[in-house]
Amino acid sequence: MADKNALYWKACLRLIGSCLLVWFLVSYVFAILLVEPLNTIHLGGYKLGFWFAQQGSIYTFVILIFFYSWQMNKLDHKFDVYEE
Amino acid sequence: MELQALTYLVVGLSFALYIGIAIWSRAKNTSEFYVAGKHIHPIANGMATAADWMSAASFISMAGLIAFMGYEGGMYLMGWTGGYVLLAMLLAPYLRKFGKYTVPEFIGDRYYSQLARVVAVVCLIFISFTYVAGQMRGVGIVFSRFLEVPLDMGLFIGMGVVFIYAVLGGMKGITYTQVAQYCVLIFAYTVPAVFIALQTTGHAVPQIALGSEMLDGSGSLLGKLDKTLVDLGFGSYTEPFNDKTMIDVFAITLALMVGTAGLPHVIVRFFTVPKVRDARSSAGWALVFIAILYTTAPAVGALARMNMIHTVNGADGTGIYYKESPPWFQTWENAGLIAWHDHNQDGKIQYAAGDAFQGKPDFDGEKRGSHGERLVKNPGEGKVAKNAPFANEIYVDRDIMVLANPEIAGLPNWVIALIAAGGIAAALSTAAGLLLVISVSVSHDLLKSTFAPQITEKSELLSGRIAAAVSVCIAGYLGLHPPAFVAQVVAFAFGLAASSLFPVILMGIFSKRMNKWGAIAGMFTGLVFTSGYIIYFKGVFLEPFAANTPENWLFGISPEGIGSVGMVLNFTVASIVSSLTAPPPENIQNLVEDIRIPKKLVREE
């Protein structure tokens, strides 16, 4: 039982880690650190770096949370810790 | 209908709605008063969280902030949304599993320490009052601008309404009113944005309009805005780091994100949903509802700035005569949000880079100049800024970008009335959420758990109501007599949340080894370092010790962003101290294992 919970926790940490990697990438890397090179690329009337800073990162955050929530429910079922 | 009457009608109807909801959803016991009985649907909780989160400042000031900052405005947009990712993945579900009522309660139990709990309560009360003072002020300002009642009067009405539903309904009443308030505020925000987006670009969706071509064939909106601003001597709108460095933007974004996740009035919202998985999805819904406003704001900002420059500098870009200025210009000049000084004596208004006044304009009573403009006592030297075609002659308060937007764009009166109701909804919902966490902390953490553990549930509920009533009065007092530091303390609230609360909660969940000494030392370090740095440069109660300029900052990080350094220090000190002292007792390690697993509810109330 304890082992199974430990495995569940490991899987959770892996999921959280990959989601936060994306979180960091779109906001800190694309919108701040690499904003100048990305601004040379255009997305419609937007410069890409600027788009990430004022639009794109926010959309990504929303998608990330729902993705995380969906994956967590799958993990909960898989490890039989789903709350009835 | 006359604008004034229409505004009264719309605002009055919205108040009737809030009070009706409050009476319908009275709290009957402490669980309902503290966490709405944990019966709130995740989508409804998401809406309530969004209303709780979006304050008068988000509604009234943010678009203007972005309009004047351009790219750098993105740090607020990302900072105030990215925190929800941290909240959803790192805090909310585990705190919900913990299953109690307050954030200090978690800290006190997890670190088996009354000291840790009391430190957390102090942080919480300080953060919340800081914040709520601004909200009450916001209610007063909206009232005085739209309903032409004195600011004090507006504040008293706002206090009365919050009093009714916070004291009666507790968390349950607040939650359902916030759902209604969210609907009012988001409708009020998006309707004018859609109108303006359509007028300028032909696209109804503001998020698309921002990246579109102008209807008048002058190229893309952002491209044109860049060019117009550079021609007037400003920095480009979309190019980064005009007035802030990369490291500072990075640090501020991080401090805001982590601070958001650590704000107690946001965290407790996730205690109200029925299940752990609801806490996860509810954070997603909250962010959806917040994102609707936060992705619209940059469009409103850019469109409003463009409209404003065109109206003021005229079609040929040389300025318009004051006598021919549009009615909104004079309306908001009368309200003191716009000021004009004719530096070059040509009778025309010109807008460019540079300061027209020394600081904020100091109006000379109601005295009028030769053109009919309000006289100002502190005009600047009227120098032409570098790269600008002429000297700047006007002061524009950033709140104008939302408040006057419908008038600038010539929208119908009912849209203006709606903005008033929306602004009031935004301020009231945030104020109520903050007042509730304060009163719950007082009645639950201080009374029930620390000083008077023997009180019955009934008297605990009563003391919660009394604490709520007292907090409303204190908040009202702070709104009436804002201490000089109120404007500077937003950095404080986020900095403290980021450097004290967030790290200890996070380590309490993700580290079984973290013990009470580590947590207390970490919290203390983060708190002292962050508040010390802010006071050093901003001098909250004292004179600042050093000029608040980039040369003096540590690593070039401004006081707004220093919470991120405080957070790192907190983590570091906590880990070192904890590794040198005894591990937490076994029952605490079991508690940590419990909160990580959604099933197997051990400590159900």
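Axes here are lines fitted to C-alpha atoms, for helices over the stretch in contact, and angles run from 0 to 180 degrees between N-to-C directions. Helices (H or I, at least four residues) and strands (E, at least two) are DSSP runs, numbered from the N terminus. This is a predicted model, in which local features need pLDDT of at least 70 and side-chain atom pairs count only at pLDDT 80 or more, while totals for chains, interfaces and linings use all residues. Residues are numbered from 1 along each chain as its sequence is written, chains are lettered from A and ligands numbered from 1 in the order in which they are written, and side-chain values use heavy atoms, with hydrogens and water left out.

**View 1. Helices α5 and α11 of chain B.** Let's start with α5 (residues 74-98) and α11 (residues 246-262) of chain B, whose axes lie 7 Å apart at an angle of about 45°. α5(B) passes α11(B) in a right-handed crossing (the near helix is turned clockwise from the far one by less than a right angle). In contact (heavy atoms within 4.5 Å) are residues including B:W80 and B:L87 of α5(B) and B:I252 and B:M257 of α11(B). By class, this contact has 14 nonpolar, five polar and no charged residues (Ala, Val, Leu, Ile, Met, Phe, Trp, Tyr, Cys and Pro count as nonpolar, Asp, Glu, Lys and Arg as charged, and the others, Gly among them, as polar).

**View 2. Helices α6 and α7 of chain B.** Here α6 (residues 103-110) packs on α7 (residues 114-146) in chain B at about 160°, with 8 Å between the axes. That angle makes α6(B) and α7(B) roughly antiparallel, and their crossing is right-handed. B:P104 and B:I107 are among the α6(B) residues that meet α7(B), where B:A120 and B:L124 are among the partners.

**View 3. Where chains A and B meet.** Chain B gives 57 residues to the contact and chain A gives 44. Together they bury about 4500 Å², 69% of it on carbon and sulfur atoms (accessible area, 1.4 Å probe, lost on being put together and summed over both parts). Within this view, α3 (residues 48-78) of chain A and α13 (residues 276-313) of chain B cross at roughly 170°, their axes coming within 9 Å. α3(A) is therefore roughly antiparallel to α13(B).

**View 4. Salt bridges between the chains.** Four salt bridges cross the interface of chain B and chain A (a side-chain nitrogen of Lys or Arg within 4 Å of a carboxyl oxygen of Asp or Glu). B:R280 pairs with A:D76, the closest N and O atoms being 3.0 Å apart. B:D226 and A:K47 form a salt bridge with a closest N and O separation of 3.5 Å. B:D226 lies in helix α10 (residues 221-231) of chain B and A:K47 in strand β2 (residues 46-47) of chain A, so this pair joins two chains.

Terms used: Angles under 35 degrees count as roughly parallel, over 145 as roughly antiparallel, 65 to 115 as roughly perpendicular and the rest as oblique. Buried area is the accessible area (1.4 Å probe) that two parts lose on being put together, summed over both.
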